[in-house]
Structures are given as structure tokens and as C-alpha cells.
Amino acid sequence: MAAVSRCQQGQMMTAGTRLCPESRHLPSIRSWERSVDVVIVLMQLFIPARNAINEGGVMKDRSVNSKMDPRSVMVPGIDSTMNSGKGNGIMRLHSRLVTGHPLLSVILILLITVASIGLMTIFGVDNTTDEDTFSPDLEISKMNYEMSDRFVDSYSFMTLIRGPTDEATAVTPGAFADMLRMENFVLADPQVREWLYDQEEPAANVFSPASMVGTFLMTSIKMQMGLNDTSSTILEQIALFSNMTVEEFQGHLTFMYDPALNHGSVPDYFTSGLRFMFTKGFDPANGMFDSLGCMVIINFKPEMADLENSTLEQHISDVIVDGPGGNGYLFMRPGPFAMKVISQEIMDASLDSMAIILPIAFLLVAIILAMTYRDLFDIIISLTALAMAIIWMYGFGSVMGMNFNAMTTAVPVLLVGLGIDYGIHVTMRYREEVGNGRKIDGALSSTIISVGAALGLATITTAISFLSNLFSPMEVFRTFGLMAVAGIISSFITMTVFVPGAKQLKDIWFQKKGWKLWMGQKREDGSGDLSPLKRVVLGVERGITLVGASGAIAAKKAPAIIIIAALIITLGGAYGWTQVGTQFDFRDFLPEDLQISKDVNFMLSEFELTESSAAIYFKGDITQPDVFYAIEEVNLHLADTPHVAMEGSHPKSESVLTMFHDLAHYTGAEGVSDYTFDPAFMVLYDQYFNGTTKLPLPGTTAADIEGMMDHIMENSPSLGSSFLWKDPETGKYAASLIRVDVSIDMFDEAGLDRLLADMTEDMGPLEDSPFITYSIVTGGPVVTNEILQAINDTQMRSIVITIVASAAVMILVFIFETRNLKLDPVRWIAFGGVLGFLTMVPVMLCMVWIMGSMYLMDINLDVMSISITALTIGLGITYGIHYTHRFLEDLQKHKDVHKALRETSEHSGLALLGAAATTIAAFGMLYFSLLPPLKNFGLLVSLTIFYSLFSAVMILPSMLAVWGKLLVKRGCLVEEC
């Protein structure tokens with residue numbers, strides 16, 4: 001009772017413990033620890049607690065008459081042993097192992113850390129980000145990727161060409177000459193020549209405006225000269241443009257694009273292909289020769305697209321950078337769409353940014369710990385435990401073969417904010433126990449049993465929140481969630497094993513030396529360190545206490561107004577929620593300040609690169625004549641489908657039918673060759689196909705068609721690979737596709753749904769064919785729309801599951817909390833159930849608020865932010881649990897709702913704010929990430945935590961006050977109900 005007598009004399013107790021109520025100073029740290037009761041209630045149903053730990057740490061049977069701890073407060077419905085150091089079997093075993101073998105505990109944690117480092121060395125840390133990283137795990141997306149991968153015979157490298165300034169045009173004879181000089185320099189590189197698709201004619205691998213126009217002009221000139229050989233070299237084309245005036249140059253382009261001048265001698269595919277390579281300002285037909293840029297495409301062997309091989313892209317980039325500067329007409333930027341270059345840039349930028357953010361996060365937490373602990377050793381040991389948890393997380397990921405991509409680099413920063421809370425709870429509760437007279441080992445035992453169980457519950461709820469990422473359609477975010485869970489569990493272990501063990505070893509040694517166990521510890525006479533810094537901290541804490549009490553004051557004076565105001569705000573948030581859009585754009589994942597990101601954004605915005613075609617992808621024996629008839633039936637059905645582009649009365653589509661027809665018919669014009677025409681194939685086509693209907697003639701067999709396909713793949717592999725895929729295992733042609741041009745707004749969700757449904761119905765003839773085993777509508781806008789719908793569906797599914805599961809847990813927990821009240825079963829269940837539901841309501845309001853905030857901040861839902869609603873419930877519910885749990889305790893003590901609310905607010909405000917501050921600080925650091933989705937995610941989670949804290953200390957008290965008034969009106973309160 002010494003502590004009580006000192007309290008009555010107005011003296012402060014040991015740092016970190018409850019101050020005298022009369023002093024109105026620091027609130028109790030014990031409000032954090034009451035959540036242990038929830039776990040203990042559930043565990044006691046299965047593992048009865050038969051023993052208790054006395055103050056010396058010795059096990060003592062409960063049947064023995066022992067003294068009741070004068071500090072314990074009976075919580076309604078919970079056995080008093082929960083507050084006197086007694087607990088369940090699991091946590092008692094945990095405490096016995098740590099306090100009984102502190103040195104072994106510390107060594108064990110260190111050994112696991114060393115082992116984790118070894119595992120990272122053995123298995124490696126795969127820091128990569130590639131085009132698969134953000135690929136959605138949807139069938140329609142997988143098939144689109146498979147289709148794109150199969151129907152291509154080369155690997156293309158794209159280079160952006162810009163003028164000397166951002167406003168300068170790239171359409172001048174000098175610019176074209178420079179472009180050709182760059183091409184010639186690149187093709188002269190020995191390594192590049194080895195990788196080229198067509199090594200016999202290196203120049204044929206390059207597609208650029210300069211090479212296309214140069215070839216056209218040189219062919220026309222040589223034809224006019226009567227030469228039989230109309231081919232030209234790059235050097236000849238460079239000389240042509242170098243000696244050409246701007247007026248002459250523009251005159252040639254006008255001729256190409258004006259049918260009145262060329263009399264149709266220039267085919268549409270030539271001018272449209274040339275137009276594709278310029279920005280949107282290029283329109284020679286209307287006298288517009290300006291273009292902010294153009295592109296050069298180089299084709300390489302298909303094996304160069306191997307995801308494990310980035311040598312090509314990096315080498316080409318280096319060659320271009322080191323290449324000739326030309327005459328100042330333009331400059332080249334290598335590979336904006338070279339995925340390996342982009343991926344490496346993203347990964348390097350992410351690692352660089354995290355290399356800055358993580359130390360700052362550690363420094364920020366160290367400052368918070370310095371204000372909280374005011375002890376150097378405790379700061380070091382907590383940060384060390386946190387660092388080891390991060391190492392464990394990486395070791396786990398290495399063993400599991402996880403890809404540490406640009407998103408998972410943020411996990412360590414998250415652990416800094418979430419994991420350090422565990423160390424704070426352990427340290428401060430231990431100080432409280434020692435300050436109340438317990439010996440070191442007994443204090444640590446009581447701390448681990450009570451706080452450890454509470455932290456275990458927090459670990460579970462936090463893990464569930466991050467596991468909501470498993471509903472994401474993208475593997476990158478599922479990995480992000482699993483890595484976060486591994487780190488959170490690691491933090492729980494290191495903070496409840498290493499920290500107590502290290503503190504016990506150090507404090508026992510300090511005690512033997514007669515030293516204070518921590519800086520600022522009170523002496524026996526009750527005095528202690530009251531330095532200027534501590535006085536400032538105490539003043540801040542008093543201010544926070546008063547702010548925390550404002551919720552209880554408002555609950556007493558005008559609870560209805562608070563609740564109505566919250567509901568009005570929620571209605572506004574609900575409206576904002578309906579206005580929040582959903583988006584999926586590759587550009588969202590590009591680091592903002594990188595030059596390559598700016599180049600990609602420039603190309604996507606300035607070039608006509610938007611895919612406006614869908615596809616019907618099908619597998620089976622495509623050599624069968626029946627398949628060709630089925631394809632024609634599909635085309636007939638497509639003619640009546642809305643949003644399908646038409647050419648006269650036929651749908652604008654391409655398939656193996658059109659490919660066969662084009663190869664067998666010459667469509668060239670004067671000065672331009674028809675590269676697709678194949679005279680030898682024309683003979684085969686006339687033998688087996690009808691040139692009018694484009695369908696196989698009666699008697700044509702699968703072997704005949706297979707022979708025609710073999711001819712195409714041998715003589716025109718580039719064209720053939722656009723529609724034919726041969727299974728390397730069986731050697732059979734096993735897949736093809738129908739490309740269909742569509743005219744539809746990418747954001748027309750209803751129209752895209754209708755298009756998908758109609759095209760799925762249109763492909764019925766293929767599905768009915770006995771030779772087709774699989775078919776699906778995919779490609780471009782259809783895939784994007786399905787991804788957007790998957791994002792929305794994922795969010796709604798996560799919301800429903802999280803709300804239902806959390807509400808059920810909350811109701812059950814508080815029913816168990818109140819099971820010992822003197823109530824009949826029906827009233828008991830109603831009492832606890834309503835209390836659990838009320839605790840849940842503010843967090844549900846926060847979920848609506850955060851969606852409304854997204855609308856106000858113009859942030860759309862994407863594959864990262866879909867989990868924000870689930871995280872709002874999982875992370876935010878903790879604050880309500882702590883507040884309501886403490887309210888129950890104070891309500892039993894005072895038998896007065898408003899007194900209970902006032903004391904709860906005063907004692908819980910500081911603790912809740914401390915936890916919220918560390919979490920907000922850590923997630924807030926993500927705002928400085930270079931990845932926009934991660935930046936928005938950090939901002940939204942920080943805002944979510946703030947809303948959850950606000951609702952717990954301002955709205956929940958009013959709801960509890962109204963609930964309490966209803967009980968009073970019914971003439972009952974707690975045991976008297």
C-alpha cells in the first residue's frame with residue numbers, strides 16, 4: 001500500500017504508471033493493456049488458467065489464499081485474475097520461457113536473425129519489376145497476354161525521337177537524315193547485328209519515318225530512271241535528305257497523302273503506317289507537317305523477348321546514347337517501351353527512394369521513442385528488435401521465392417510504424433509493474449501475459465487487414481499483403497521475446513550495481529528527473545488529455561447533435577463514394593520524376609497508340625476446313641454487333657481468312673511494292689480456295705491447308721505469325737485469332753459489357769465446332785473493362801466479408817466480456833451484442849468518410865486502393881475496442897455513464913493518440929514514394945487512422961452516452977438491469 005500512501009500525499013508514482021486522480025496529470029497507460037481481457041476470455045474457454053505468478057515470479061496455485069493485487073479493477077464479466085498477472089496457458093508458457101531463460105531467448109532471436117540473413121544469401125533477394133508484376137490474375141487478361149505472346153515472331157525495341165527542343169518539329173529533311181544516321185550506327189554494332197531478326201538484310205529490321213519515306217522516294221526515283229534494281233541503302237537515303245530543301249520535302253509528303261496528286265498510287269497501309277509513327281499534329285493532307293516526335297522500331301529475334309534477358313535493351317540503349325549526335329536536328333531517347341529498361345528504372349528508383357524514406361522513418365520513430373522512453377537503452381533495444389523483424393521478413397520472402405518488387409520495398413517502412421507499437425506497450429507496462437513494487441522477473445512475467453496477449457490480438461486483426469490484399473486481381477498486391485503479414489508476426493515475436501529478455505539481463509545487472517533501471521526513474525523518496533524537456537513533454541501530455549476529454553464533454557452536453565452531425569457527414573461521404581471512379585492504367589505505376597516515365601507518358605498521350613480492337617482467341621485443330629467456315633460465320637454475326645467497325649457491309653476484321661486472301665492477291669501500286677503478295681502461294685490458294693468467298697473449295701483437306709500454312713511460315717513468317725501458332729510439343733497448328741476493330745469509348749462500361757456479351761455470342765460457331773477446344777473474347781478495351789469490374793467487385797467483396805466478420809467478432813467479444821453480469825441470458829446477450837455493434841459503427845462511418853475524401857482529393861480506385869476499406873475496418877477497429885473496453889471498466893466503478901466516459905477519455909486519449917501517431921507517421925512516409933499508387937495508399941491509410949482515432953474519441957462517446965441513457969430510462973445499469 002506504499003504506492004497508495006504516496007499517491008495520497010500528492011507525490012507522483014514511478015514513470016510510466018498511473019498518476020493520482022487528484023493530480024490531474026498523466027492518464028494511465030493501462031488503457032492500452034485492457035484488450036488483453038478479450039483474448040483471455042476466449043482462451044479460457046479452452047485453456048483454463050489454474051496457476052498465477054506471484055510478484056517474485058514463482059508459480060502459485062490459485063487455490064491458495066493469496067493477496068489480491070490492490071491495483072486490479074474488476075471488469076464486468078471478467079475474472080479478477082486477469083488483472084492480477086494471471087492468464088492463459090499459452091501466454092504463461094511464453095512468459096516462463098522468456099523470464100526463465102532470458103539469455104537463451106536473446107540468443108535464439110539473434111540466431112534466427114543470422115539464419116534469415118543466411119537464407120537471403122542462399123536463396124537470394126529478387127529485386128525485380130517486369131511487365132508481369134502488374135498483370136491482373138484474370139482469365140481474360142491471361143489469355144490476352146498469351147495471345148499477344150504467341151502471335152508475334154519478333155521482339156520489337158522502340159525508340160523515341162524528339163526535336164532539339166520540346167516545341168521543335170521532327171519532320172524536316174535534316175531530322176530524317178539524323179534519324180538514318182542513328183539507324184546506320186546501331187545496325188553497324190556487331191552485337192546488335194547478331195540479335196537482328198533478319199540478319200541477311202539488316203536495314204529491313206528497322207521501321208522509321210525516315211526509312212519508309214526514304215525507301216519510297218528512292219524507289220520512285222530509280223523507277224523513273226528506268227533502273228531494274230530499285231533498292232537503296234541507308235547512305236543513299238541520308239544523301240537524299242541532306243540535299244533536299246524543306247519545300248521539296250514537304251512537297252513529297254503532300255504527294256503521298258493527297259489522292260488527287262498520287263491518283264491512288266500510294267496504298268492506305270503505307271500512309272496509315274507512316275501516320276502511326278508521328279504524333280497527333282502530323283497531317284500533310286491538310287498542310288500540317290509539325291510533329292513533336294516520332295518513333296523508330298527495331299525488330300529482333302523473338303527469343304530476345306525472354307523476361308530473364310535484359311541485355312539487349314540495355315545494350316541498345318547504350319548504343320543509342322553513345323551514337324552520333326547528328327547535326328542538331330533531333331535527339332534520341334532509348335526505349336520508352338523497352339519493358340526491361342522501364343522495369344529496371346522503376347526498381348532502381350523505388351530502392352533509391354526507400355533508401356531515404358526508411359532511415360527517416362527510423363529517425364522519426366527514434367524521436368518519438370526518446371520522448372516516450374527517455375532512456376537510450378530502451379530506444380536501442382526496441383529499434384534493434386524492429387530491424388531484426390524486417391530481416392526475418394526478407395528471409396521468409398527469400399525462402400518462399402517471393403519477388404521483392406517496387407511495391408514490396410515499402411513493407412519495411414510500414415513495419416516501422418506498426419511494429420514499434422509492440423515495443424512501446426511492453427516497455428511501458430514493464431515500467432508500470434516495476435514501479436508498483438514487482439521484482440524484475442515478476443514484472444516481465446505479468447507484462448508478457450497481459451500485454452503479450454493484447455498484442456497477439458492486435459497482430460491478428462492487423463494481419464487480417466493486410467490479407468485483404470489477397471482479393472486483389474494482381475499478384476504484386478497479394479505478395480505485398482503476405483510480406484506485410486510476415487513482418488507483423490515477426491515484429492510480435494521479436495518484441496515479446498527479445499525485448500523482455502534483453503531488458504531482464506540488463507536490469508538485473510543494473511540492479512546489482514545499484515543503478516537506476518532506466519533514465520528518469522524515481523528514487524525511493526518519489527522524486528525524479530524533472531528536466532526542462534520532461535516538463536515540456538508533461539505539458540503536451542496534459543494538453544492531449546484535455547483534448548481527449550472533449551469527446552466525453554460533448555457526449556454529456558449534446559450527444560444527439562454529435563451523432564446527427566456525423567450522420568450528415570457520412571451522407572456526404574456516401575455521395576462522394578458514388579462519384580469515385582475506377583481506373584487501371586499502366587502509367588499509374590510509373591515513378592513520377594523519372595525521365596523514362598515522362599517519355600512513356602508523352603508517347604501514350606501524343607501518339608495514336610490506344611488499342612481500338614478486340615479479339616476472338618481460339619485453340620484447336622485450326623487446319624480443318626470446318627474452322628474456316630466457322631470463322632466466316634462469326635464474321636457474319638459480327639456485322640450486326642453494335643460498336644464493331646464496318647467496311648461497307650462487312651465487319652472490319654482480320655483473320656487467317658484475310659491473311660490467305662492477301663497473300664494470294666497483288667494490291668501494289670506504282671512506286672510501292674506489295675510486300676504481302678506471294679505468287680507461289682497464289683497457286684496453292686487458287687487450287688484449294690475460292691477467291692470470291694475466301695473459303696475452302698469442296699474436297700480441300702486439313703493436310704492441304706496445313707501445307708499452305710507451312711508455306712506461309714517458311715516464306716512469310718512475320719505475317720504468318722500474326723495469325724498462326726504451332727504447338728512446339730506436337731508440331732501442330734493449334735491456335736489462331738480474329739482481330740476485330742471496334743469503335744467505343746474506353747469508359748463506356750455499359751457499352752463494353754454489351755460488346756463483350758455480343759461478341760461472346762457471335763463466336764458461337766467456333767464454340768460449336770468439334771475441332772475447337774477453347775475460345776474467348778479478349779483484347780484491348782474488353783480486358784481493361786474486365787479489370788475495372790474486377791477492382792470494383794473485389795472492393796465490394798472485401799467490404800462485405802470484413803464488415804460481417806468484424807461485426808461478428810465484436811459482438812461475440814463483448815458478449816463474453818459481460819457474461820458474468822447478473823442478467824438473464826437474453827438480456828445478457830443483448831447487452832453485450834449492442835455494445836459490440838456500437839463499437840463497430842464509428843469505424844463503418846470512417847469507411848464512408850475515406851471514400852468521400854477520395855472523391856474530394858480526386859483519387860480513383862485502383863488495384864492498390866481497393867483494400868483501403870478493409871484496412872479501415874481492420875486497423876481502425878482497434879481504437880474503438882480500447883475505448884469501449886475501458887468504458888466498461890469505468891462504468892462498473894462509477895455506476896455513472898458520464899463519469900465513466902470522462903475518465904475513459906482522459907485515460908485513453910494519450911494512449912490512443914500515441915499509437916495513431918506512429919502509424920500515421922510510418923504510412924505518411926509513403927507519400928514520398930516515387931510510385932503514385934503507393935503514395936496515394938500511404939496518404940489514404942494515414943487519413944483512415946486519423947478518422948478512426950477521431951471517431952473513437954469524439955463520436956463513440958456520444959453513442960455510448962445515448963446507449964447509457966436508454967439503460968437508465970429502463971431503470972437498469974450494469975448489474976441492476
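The buried residues of helix H20 are Pro559, Ala566, Thr570, Gly573, Gly576 and Trp577. Seen down the axis of H20, these buried residues fall within an arc of 115°, so they line one face of the helix. The arc is taken over the directions from the helix axis to the C-beta atoms. Buried means under 20% relative accessible area, exposed means over 50%, and partly exposed is in between, with a 1.4 Å probe and protein chains only.

Before I go on, the basis. This is a predicted model, in which local features need pLDDT of at least 70 and side-chain atom pairs count only at pLDDT 80 or more, while totals for chains, interfaces and linings use all residues. Residues are numbered from 1 along each chain as its sequence is written, and side-chain values use heavy atoms, with hydrogens and water left out.

Back to H20. The helix covers residues 559-579, 21 residues in total, and reaches 31 Å from its first C-alpha to its last, close to the 30 Å expected at 1.5 Å a residue. That expected span is 1.5 Å times one less than the number of residues. Helices (H or I, at least four residues) and strands (E, at least two) are DSSP runs, numbered from the N terminus. An α-helix has 3.6 residues a turn, so residues three or four places apart point the same way. Which exposed residues does H20 carry on the face turned away from its buried side? They are Ile561, Ile568, Leu571 and Thr578.

Now the salt bridges. The structure holds 11 of them, a salt bridge being a side-chain nitrogen of Lys or Arg within 4 Å of a carboxyl oxygen of Asp or Glu.

One of them joins Lys619 to Glu146, with the closest N and O atoms 2.9 Å apart. This pair links distant parts of the chain: Lys619 lies in strand E7 (residues 613-620) and Glu146 in helix H5 (residues 139-150), 473 residues apart. Lys619 and Glu146 are both buried.

Next, Arg431 pairs with Asp378, at 2.7 Å between the closest N and O atoms. Arg431 sits in helix H16 (residues 411-435) and Asp378 in helix H15 (residues 376-399), 53 residues apart. Arg431 is buried, as is Asp378.

Last, Asp710 and Lys726 meet at 3.6 Å, N to O. Asp710 belongs to helix H25 (residues 702-715) and Lys726 to strand E11 (residues 725-726), 16 residues apart. Are these two buried, exposed or partly exposed? Asp710 counts as partly exposed because its relative accessibility is 25%, and Lys726 counts as partly exposed at 37%.
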